[in-house]
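Subject: Handing over the structure

Hello,

Here is the structure I promised to pass on to you. Have a look at it first, and then read on for what turned up.

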Amino acid sequence: AAYLSNYESFSFNPFSLFLTVLTVVMVHIFTNLYNDFFDVNYGTDDNNTGYFNAGLNSTMLQGAQLSGGSRAVELGLTTVEKTKKSANNYGLSFAVLAVVVSAISFYSTQSIINAISGLAIAGVGAFLGYFYTAKPIKLSYRYGLGELSCFLCAGPLLTLASGYAISNQTILLFSPIFYDLVILGMPLGLLTAGILFINQFPDYEGDKKSGKNNLVVVMGKSISRYIFPLFFIGSFLFLIEILNFNSINNLVTEFSNNLMFAGLSSFLVIYSLYIIIQTFINYNSRKLIKANLATIYFNSLFALILIVL
């Protein structure tokens with residue numbers, strides 16, 4: 001929305017924005033619930049006895065599960081059957097909202113391109129989310145495909161589908177704005193995959209025992225700590241590319257004379273270095289939880305700063 005509002009000759013529909021956010025929330029909950037359902041059935045979550053819980057380490061995320069599933073079934077807060085039923089309800093809500101948003105998009109643009117494109121991408125996202133753990137694909141068990149699907153769903157697929165959904169103008173395939181929307185999602189996808197990646201450290205033993213061959217299991221925790229910084233480096237490289245967009249050049253013409261950019265980017269760099277150092281030191285310790293929490297905070301701050309810039 002921030003991007004479209006600054007793009008020449010483009011605008012967004014506020015009501016569609018609200019419904020799109022709600023649609024994303026529905027599919028995200030649908031995905032998480034089914035991930036819980038399948039991981040409990042496979043016995044994967046039972047094996048993750050070293051999971052991290054935020055506990056009292058975080059005011060904002062107090063008591064939140066960071067790894068090892070939600071533990072809702074294991075703690076007796078719900079049942080496997082109720083988890084599946086809730087997942088289906090949220091999936092249905094997602095499908096209905098996606099169709100409504102597409103209908104509004106068609107009405108706003110008088111073109112079927114945005115409506116069909118947004119709906120198709122949303123369908124791909126739901127497919128990847130469901131088969132992240134569902135048989136026969138089980139992406140999260142297949143040597144990095146889980147991380148890749150997380151990157152796509154929380155990154156370029158999300159921003160592109162949202163652009164199609166809320167834009168009042170038609171977005172043509174492979175047009176400049178099409179590529180811009182893809183690039184906008186790249187750093188957000190990388191950072192979300194980074195959250196997934198670092199949360200795999202405490203689950204290493206349990207995931208390995210369950211045959212959940214994610215990247216940390218495949219490479220080992222010691223090597224994985226050298227891979228982890230790449231998520232931050234990639235996000236900064238794409239941030240530089242985003243600041244070169246024509247729609248934002250009026251705000252950022254030269255990095256050296258833009259105090260806001262210099263201050264915010266310096267803070268992000270320092271914060272990322274803190275997280276990386278914590279990961280290197282505590283990769284095999286329960287103290288790593290500080291880096292897990294900080295990675296979540298960094299993702300949120302990065303997104304807010306991206307909107308501001």
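Let me begin with a charged pair: aspartate 39 and lysine 212 form a salt bridge, with 3.3 Å between their closest N and O atoms. The two residues come from distant parts of the chain, 173 residues apart: aspartate 39 belongs to helix H2, while lysine 212 sits in the loop between helix H9 (204-210) and helix H10 (215-219). Please keep in mind that this is a predicted model. As background, side chains of opposite charge can pair when their charged atoms come close. Is aspartate 39 buried or exposed? Aspartate 39 is buried, at a relative accessible area of 7%, and lysine 212 is buried too, at 11%. A search of the whole structure finds one salt bridge.

Next, please turn to helix H5, which covers residues 112-130. The residues in question are Asn114, Ala115, Gly118, Ile121, Ala122, Gly125, Ala126, Leu128 and Gly129. Their cover includes helix H2 (14-42), helix H4 (80-109), helix H6 (145-154) and helix H7 (156-166).

Serine 102 is found in helix H4, and its relative accessibility of 10% counts as buried. A polar atom of the serine 102 side chain lies 3.4 Å from the backbone oxygen of alanine 115. Not counting residues up to four places away in sequence, serine 102 touches Ala115 and Leu119.

H6 has buried residues of its own: Gly146, Glu147, Ser149, Cys150 and Phe151. These pack against H5, H7, helix H8 (176-198) and H10.

Most residues other than glycine have a negative phi, and most peptide bonds are trans. Here are some places to check against that background. The peptide bond from lysine 135 to proline 136 is cis, with omega near 5°, and proline 136 lies in the loop between H5 and H6. That loop between H5 and H6 also holds tyrosine 143, whose phi is positive, near 50°. Tyrosine 143 counts as exposed, at 59% relative accessibility. In the loop between H4 and H5 you will find glutamine 110, with a positive phi near 55°. Glutamine 110 is exposed, with a relative accessible area of 59%.

**Aromatic rings**

How many aromatic pairs does a search of the whole structure find? The search finds 29. One of them joins phenylalanine 178 and tyrosine 179, an edge-to-face pair with 5.7 Å from centre to centre and 85° between the planes. Phenylalanine 178 is buried, with a relative accessible area of 9%, whereas tyrosine 179 is partly exposed, at 44%.

Another pair is formed by tyrosine 271 and phenylalanine 298: the ring centres are 6.0 Å apart and the planes are at 50°, so this pair is tilted. Tyrosine 271 lies in helix H13 (residues 259-282) and phenylalanine 298 in helix H14 (residues 289-308), so the pair ties together parts that are 27 residues apart in sequence. Tyrosine 271 is buried, with a relative accessible area of 17%, and phenylalanine 298 is buried as well, at 0%.

Both rings also belong to a cluster linked by ring pairs, made up of Phe197, Phe201, Phe228, Phe231, Phe232, Phe236, Phe267, Tyr271, Tyr274, Phe298 and Phe302.

**One more residue in H14**

Last, please find alanine 291, also in helix H14. Alanine 291 is buried, with a relative accessible area of 0%. Which residues is alanine 291 in contact with, leaving aside its neighbours within four places in sequence? They are Ile198, Ile275, Gln278 and Thr279.

Methods
Residues numbered from 1 in each chain as written. Predicted model: local features only at pLDDT ≥ 70, side-chain atom pairs only at ≥ 80, totals over all residues. Heavy atoms only, no water. Helix = DSSP H or I, 4+ residues; strand = E, 2+ residues; numbered from the N terminus. Expected span 1.5 Å × (residues − 1). Buried < 20%, exposed > 50% of the residue type's maximum accessible area, 1.4 Å probe, protein only. Contact = heavy atoms within 4.5 Å. Salt bridge = Lys/Arg side-chain N within 4 Å of Asp/Glu carboxyl O. Phe/Tyr/Trp six-rings, centres within 6.5 Å; stacked < 30°, edge-to-face > 60°. Polar contact = N/O pair within 3.5 Å; in protein donor to acceptor, adjacent residues only side chain to side chain.
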